[in-house]
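Student: I've got a model open and want to talk through a few of its local features. Could you take my questions one at a time?

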Amino acid sequence: MRFAATLIPTLKENPVEARVESHRLMLRAGLIRQLGAGIYTWLPMGLKVLRKVETIVREEMDAAGAQEILMPAVQPAELWQESGRWQMYGPELLRFQDRGGRDFCFGPTHEEVVTDLVRRELRSYRHLPANFYQIQTKFRDEIRPRFGIMRGREFLMKDAYSFDLDEVGLDKSYILMVETYNRIFQRCGLHYRAVEADTGSIGGASSHEFHVLANSGEDVIASCDSCGYAANLEKAEGSSPSAIPGGEVGSMRAVATPGVKTMEEVSAFLGYPLGRMIKSLVVEGEGGAFQLLLRGDHELNLIKAAHAVGSAFVQLVEPARVQELTGVAVGSLGPVGAVLPVLADHCLKDLVGFVAGANEDGKHWVDVMWERDCPKPQMADLRNVVAGDGCPRCQVGSLRLDRGIEVGHVFKLGDKYSKALQVAVQDADGRERTPVMGCYGIGVSRIVAAAIEQNHDDQGIVWPVALAPFPVEIVLVNPKETQAVAVATSLEEGLKKFGIDVLLDDRDERLGVKFKDADLLGIPWRAVVGGRSLKEGSVEVQRRGKPDKELIALDKVVEFLSARVRDGK
């Protein structure tokens with residue numbers, strides 16, 4: 001491909017709207033352009049990277065025995081109503097009507113559609129196991145689209161769905177997909193981690209997320225420093241001492257705390273550590289309102305809270321609503337004499353002599369004891385883990401926290417959708433059985449952004465060879481120099497014979513401009529043709545991100561570059 005004839009609109013300045021490196025560099029390198037909030041046009045260089053990711057995903061899915069199909073992006077409401085997700089999915093589901101007034105949605109996922117296909121087409125256990133996948137545009141109406149491609153509303157996704165006769169078969173299909181995902185991310189050249197995760201709105205029994213590790217990641221993942229345990233923050237468990245050392249515990253007494261509202265302020269005022277203080281939070285969901293208790297130095301996990309109270313979701317109650325429900329201001333709420341159902345985090349189980357709101361403005365109870373001063377509430381896992389918590393699996397290691405970008409998610413759905421849509425196949429004995437499902441998603445377009453977040457420097461992108469739009473860029477020092485053009489063209493043709501795509505920078509620009517664009521685009525190998533090196537019968541070759549330059553004899557350049565591209569170096 002010739003640079004001069006290709007739309008590669010690089011930018012010298014950083015776009016003001018970009019907040020993360022991938023967004024900034026994708027705009028500056030001319031990979032994408034924004035059409036609307038969270039909606040982007042992929043330009044030639046960006047599309048080539050996207051297609052590289054697609055190819056890797058497709059090759060590995062095919063090798064795993066999955067069958068590629070393509071399902072409609074627009075889906076009738078009836079299918080979502082059958083599964084019960086039409087109302088449950090929430091405002092991220094883009095709903096609309098056709099001219100006949102019939103309800104539709106733009107698919108954010110395709111569990112209903114593929115399940116409908118299977119109930120129409122598969123009748124016997126002989127058709128199972130089956131795994132169908134597609135690579136297709138999805139739309140989720142994010143409330144705050146941001147970070148460019150990483151949190152867009154329209155995106156490219158690979159979604160796959162397995163069908164098995166029983167749970168044993170589902171386990172095999174699930175493990176096969178986890179192994180397949182590992183190969184995909186390894187081939188993409190990404191540093192990643194698979195972690196246990198919450199099933200969210202997709203539902204099902206269990207799931208794992210795949211995260212590219214990057215400081216800019218929106219998600220926090222916890223992992224043990226001694227065993228293989230890893231989970232995202234929504235799911236992670238950890239052990240923490242519940243009995244915080246303190247002095248002698250006297251009788252419960254009320255202490256005036258005028259004008260003191262936050263946990264930190266109360267702690268400083270009373271001289272008690274945050275670990276010996278209890279904060280009360282009120283949440284509300286399908287099952288009503290609940291008062292949740294946590295240690296003063298811990299944070300509430302809303303996903304865990306929803307599971308604990310038996311709701312699909314819960315949200316923190318606004319102060320005015322708290323006053324309405326309890327008759328107490330938020331900062332003064334406590335467990336003694338609570339009027340709402342109370343749940344406490346496990347870390348409070350053995351806490352003694354703690355501080356809590358006195359259910360009266362400007363006062364707190366000091367040296368409160370369970371059972372002596374108030375009933376011990378039901379205990380549940382309600383908090384976010386913190387670095388240094390004990391590992392819940394090996395009971396030996398400690399948890400560390402890292403940031404990650406979710407690029408893949410796999411679920412064991414069980415019969416959630418196949419039962420709701422009344423799918424039935426005959427087993428070997430002629431009995432009707434409901435198949436069980438697995439669901440497996442990869443953010444194809446998000447991988448592009450995640451790769452940049454993990455592979456860049458001050459000059460621009462540093463692509464892994466497998467994802468680079470071109471493995472090699474040939475830079476002509478002077479496109480008007482006949483010998484240099486002939487040599488560059490010969491190198492291009494030679495590399496093509498090895499299946500290596502080449503970008504030839506034939507622009508009539510200063511060499512410094514070409515080098516800056518080459519660094520910005522992040523193409524792994526750069527070969528400079530012209531100037532003194534050409535007169536000496538060689539080409540200057542440099543690996544992106546490395547300071548060293550090598551002079552390679554003209555008759556050895558193709559062999560040198562093809563070997564390194566083939567090795568992925």
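Tutor: A cavity here is a set of points on a 1 Å grid over the protein atoms alone where a 1.4 Å probe fits but cannot get out; points are joined across faces, edges and corners, and the volume is the space filled by probe spheres set on them. Keep in mind that this is a predicted model, where local features need pLDDT of at least 70, side-chain atom pairs count only at pLDDT 80 or more, and totals for chains, interfaces and linings use all residues. Residues are numbered from 1 along each chain as its sequence is written, and side-chain values use heavy atoms, with hydrogens and water left out.

Student: Which strand gives the largest share of the lining of the largest cavity?

Tutor: The largest cavity holds about 40 Å³ of space. Its lining residues, those with an atom within 4 Å of a point, are M150, R151, E218, D219, G404, I405, E406 and R446. The largest share, three residues, comes from the strand at residues 399-414, namely β21.

Student: And how many residues in that lining are charged?

Tutor: Asp, Glu, Lys and Arg count as charged, Ala, Val, Leu, Ile, Met, Phe, Trp, Tyr, Cys and Pro as nonpolar, and the others, Gly among them, as polar. The lining has two nonpolar residues and one polar, and the number of charged ones is five.

Student: In the open sheet of three strands, what is the strand order?

Tutor: Strands are DSSP runs of E with at least two residues, helices are runs of H or I with at least four, and both are numbered from the N terminus. Two strands pair if DSSP finds at least two bridges between them; β4 and β6 (residues 103-106) pair in the antiparallel sense over three bridges, with P76 opposite F104. The pairing in this sheet is antiparallel, and the order is β4-β6-β5.

Student: Why is one side of β4 left without a neighbour in the sheet?

Tutor: Look at where β4 (74-76) and β5 (94-97) stand. Each has a single partner strand, so one side of each has no neighbour in the sheet, and the place they hold is the edges.

Student: Which residue in the hairpin of β1 and β2 takes a positive phi?

Tutor: β1 and β2 run antiparallel and are joined by four bridges, with Q34 partnered by Y40. Two residues lie between the strands, and the one with a phi near 70° is G38.

Student: Q422 isn't a glycine, so what is its phi?

Tutor: Q422 lies in the loop between α10 (416-420) and β22 (425-426). At 69% relative accessibility, Q422 counts as exposed. Its phi is positive, at about 55°.

Methods:
On a 1 Å grid over the protein atoms alone, a cavity is a set of points where a 1.4 Å probe fits but cannot get out, and a pocket is an open set with protein on both sides within 12 Å along at least five of seven lines; lining residues have an atom within 4 Å of a point. Buried means under 20% relative accessible area, exposed over 50%, partly exposed in between (1.4 Å probe, protein chains only).
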